[in-house]
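Here's a quick look at one helix pair and some charged contacts. Have the model open as you read.

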Amino acid sequence: MSKIEALDLIGNTPMVHLKTLDPKPGVEIHSKLEYMNPTGSTKDRIIEYMVQKGVDAGKINNNSTLIEGSSGNTGASVAMVASSMGLKSIIYVPDKCSDEKIAIIKSFGAEVIVKPEQEYGKYAPIKASENPDYYHVDQYNSPLNPEAHYMTLGKEIWDDMGGQIDAFVATASTGGTLSGVSKRLKEYNPNIKAILADPEGSIYKPFFEGKEDYMSYKKSFQVEGAGKGSLCATMDFDVLDDAIAFDDEKAIGMVLRLARQEGLMVGGSSGGNVWAALEVAKRMEGPAKIVTVLPDSGFKYLSKIFNPQWLNEKGLGHLIAD
């Protein structure tokens, strides 16, 4: 009998055909269920990969404490990986992080520190400099982030689809998923289109489109784990072919639709991904296959997206009845 540990459960997630979303004959949208990783998000992939690289390089040992800034999902992954290795972890999260995400991170024994949304990312490297046993994972700058998706998720998507892919659509926060997967897929087939799904208020789409005042497009939005108010070193704009913007209403409306029509309980970035994938699908003629990812679980947003009171407070109450 083989012995399976928690980290062995990362990856090899299912690919599903979103059967109710085919916009025209022969055009299909398929999605990788990344919320079926151990902590409920795709971030398990990068953290397992990045931490193992740190161990291999002799930078992480039994006395190490893992430090990271995260909108929530990466923090849970860091905490889980640290727990499985007998290590401690300290996670900085933004004040818009859902209560569920914070509770999940804490459940793995991590220390959680909440900071304002626009600056939470700056504290991890400062903290890491205080003690030689502190190790900053650094998802926003380390090339190991997109490399992890290149080595795992990109290959899995190609294999799952039997190489039948016309476009890959994904949101970007660090940009690791979109950059790593797109690079891998384009090596297999340069004709595959890589398309960014970006929330309104993020600077990524304006920057990609060459707008000199791209920073002026920054504004707050509710969807977590997608978009950014600053550029990340892990985001490779050179792999992109196009970018599509979505707002909170479109993303959250799609989240509720996926739950009601597809039986899939996902988070806001998943809704943005699928909404944008549907827009891409509408532009294509069959046969064509569009692939996206469902990055995290809707169970992390029961107090928000699936909470009528929260939706009403954000002016999105009408989505409940749609």
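## Salt bridges overall

How many salt bridges does the structure hold? There are 18 salt bridges, a salt bridge being a side-chain nitrogen of Lys or Arg within 4 Å of a carboxyl oxygen of Asp or Glu. In general, side chains of opposite charge can pair when their charged atoms come close.

A word on the ground rules: this is a predicted model, with local features needing pLDDT of at least 70 and side-chain atom pairs counting only at pLDDT 80 or more, while totals for chains, interfaces and linings use all residues. Residues are numbered from 1 along each chain as its sequence is written, and side-chain values use heavy atoms, leaving out hydrogens and water.

Lys32 pairs with Asp160 in a salt bridge, with 2.5 Å between the closest N and O atoms. This one links distant parts of the chain: Lys32 sits in strand S2 (residues 27-32) and Asp160 in helix H6 (residues 153-160), 128 residues apart. Helices (H or I, at least four residues) and strands (E, at least two) are DSSP runs, numbered from the N terminus.

Lys32 counts as buried because its relative accessibility is 1%, whereas Asp160, at 38%, counts as partly exposed. The cut-offs are under 20% relative accessible area for buried, over 50% for exposed, and partly exposed in between (1.4 Å probe, protein chains only). Lys32 and Asp160 also belong to a salt-bridge network that links them with Glu34, Arg45 and Glu156.

## Two more pairs

Glu117 and Lys96 form a salt bridge at 3.5 Å, N to O. Both are in loops, 21 residues apart: Glu117 between strand S5 (111-115) and helix H4 (123-128), Lys96 between strand S4 (88-94) and helix H3 (99-107). Glu117 is partly exposed at 24% relative accessibility, while Lys96 is buried at 17%.

Then there's Lys186 with Asp241, at 2.7 Å, N to O. Lys186 is in helix H7 (residues 176-188), and Asp241 lies 55 residues away in the loop between helix H8 (204-208) and strand S9 (242-246). Asp241 has 37% relative accessibility, so it counts as partly exposed.

## H1 against H2

Helix H1 (residues 43-56) packs on helix H2 (residues 73-84) at about 45°, with the axes 8 Å apart. Axes are lines fitted to C-alpha atoms, for helices over the stretch in contact, and angles run from 0 to 180 degrees between N-to-C directions.
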